Amino acid sequence: MTVREFIEKNDLQIITEGDLEKEIDGCYIGDLLSLAMSRVEEGQVWITIQGNVNIAAVAALTDPACILLVDGRGIDEATKIKAQEQGINILGTALSAYEAACRLFQQS
Amino acid sequence: MAEKTINLHYTIDGNNFTTAGQASSNIKKVLKQLGVYPEAIRKAAISMYEGEINTIIHGKGGEANVAISPETITIVFTDNGPGISDIDKAMQEGFSTATDEARELGFGAGMGLPNMKKYSDSMTIESQVGKGTTVTMIIKLN
């Protein structure tokens, strides 16, 4: 499934857009950046509630297919600009991390 | 792969979380251009990012010097921060002296130094309380 298909199937909000044709391969859920840094793998959906600018740095280094902000969390303008510059897909949803991961598992 | 040693220098601004990751992104880009294999790039990027964060949170700013040779990537972080009084304790997963501000941003999990050790092939810490800390990491390329 591509990021675009994942968005369409779950009515996710696009907060910043990079390459939406990236293939999704699994997910990692976590809000602690040092853990995410060592655990997020290329192509995964990184599910988090963390919306500060450092998520863009972690994503730029670990290459997830997208970041999914759950529980209706948003990001600030600085994060938006940085993520956009680096071509990172950041999506948003009111779903919980558990609900989002279950859907991803069922749809993959 | 680099035919001779490439030296890179970065200045790290203390207490500025928004610039964290710039040096590590740059290293990642350079290593990609040099054709270094992905696992070594990942190891270098993680080690470098954690070093940057530590230099910002604990070191009050400092510098990073990176040397890329055909055999190794050597990353040296130097700061003029408070130093580490008990290095063994600092190396324990989960031990952290980070501020509440750092914790709210998702840092301070006590994983920084352990991650740096885990993702580099060798790591040494030299620290003097009141003077600062130097962390040297080596990642092998063959």
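A close look at the interface

Modeller: Happy to. This is a predicted model, and in it Asp63(A) is partly exposed, with a relative accessible area of 26%. Its partner is Lys28(B): the two form a salt bridge in which the closest N and O atoms are 2.8 Å apart. Lys28(B) belongs to helix α1 of chain B, while Asp63(A) sits in the loop between α3 and β4 (66–69) of chain A, so this pair joins two chains.

Asp63(A) follows α3(A) and has a positive phi, near 55°. That helix, residues 54–62 of chain A, is mostly covered, with 9 of its 9 residues buried. Among them are Asn54(A), Ile55(A), Leu61(A) and Thr62(A).

Now step back to the whole contact. Chain B brings 22 residues to it and chain A brings 22 residues. Together they bury about 1700 Å², with carbon and sulfur atoms giving 53% of that area. On the chain B side, Lys28(B), Arg42(B) and Tyr49(B) lose the most area to chain A, together 29% of what that side buries. Across this interface the rule finds 1 salt bridge, and the count of residue pairs in polar contact is 11. The elements of chain B that give two or more residues to this side are α1 (22–33), α2 (38–57) and α5 (112–119). Of the residues on that side, the largest share, 5, comes from α2(B). By class, the chain B side has 10 nonpolar, 7 polar and 5 charged residues.

Arg42(B) deserves a moment of its own. This arginine lies in helix α2 of chain B, and it counts as buried because its relative accessibility is 18%. Setting aside neighbours within four places in sequence, Arg42(B) is in contact with Met37(A), Ser38(A), Arg39(A), Val40(A), Glu41(A) and Thr62(A). Thr62(A) is one of the buried residues of α3(A), the helix that Asp63(A) follows.

Tyr49(B) takes us into the nonpolar part of the picture. The largest nonpolar core has 62 residues, and those with the most contacts inside it include Tyr49(B), Met48(B), Val66(B) and, from chain A, Trp46(A) and Ile90(A). Helix α2(B) gives the largest share of this core, 10 residues. Val66(B), for its part, touches Met48(B), Ile73(B) and Ile27(B), among others, not counting residues up to four places away in sequence.

Over all chains, a search of the whole structure finds 3 salt bridges. One of them pairs Arg4(A) with Glu21(A), the closest N and O atoms being 2.6 Å apart. Another pairs Asp121(B) with Lys43(B), at 3.3 Å between the closest N and O atoms. Asp121(B) is in the loop between α5 and β4 (122–128) of chain B and Lys43(B) is in helix α2 of chain B, so this bridge ties together parts that are 78 residues apart in sequence. Here too one end is covered: Lys43(B) is buried at 16%, while Asp121(B) is partly exposed at 38%.

Key. Residues are numbered from 1 along each chain as its sequence is written. Chains are lettered from A and ligands numbered from 1 in the order in which they are written. This is a predicted model: local features need pLDDT of at least 70, side-chain atom pairs count only at pLDDT 80 or more; totals for chains, interfaces and linings use all residues. Side-chain values use heavy atoms; hydrogens and water are left out. Contact means heavy atoms within 4.5 Å. Buried area is the accessible area (1.4 Å probe) that two parts lose on being put together, summed over both. A salt bridge is a side-chain nitrogen of Lys or Arg within 4 Å of a carboxyl oxygen of Asp or Glu. A polar contact is a pair of N or O atoms within 3.5 Å; within protein, one must be able to donate a hydrogen and the other to accept it, and residues adjacent in sequence count only if both atoms are side-chain atoms. Helices (H or I, at least four residues) and strands (E, at least two) are DSSP runs, numbered from the N terminus. Ala, Val, Leu, Ile, Met, Phe, Trp, Tyr, Cys and Pro count as nonpolar, Asp, Glu, Lys and Arg as charged, and the others, Gly among them, as polar. Buried means under 20% relative accessible area, exposed over 50%, partly exposed in between (1.4 Å probe, protein chains only). A nonpolar core is a set of buried Ala, Val, Leu, Ile, Met, Phe, Trp, Tyr and Cys residues joined through side-chain atoms within 4.5 Å.
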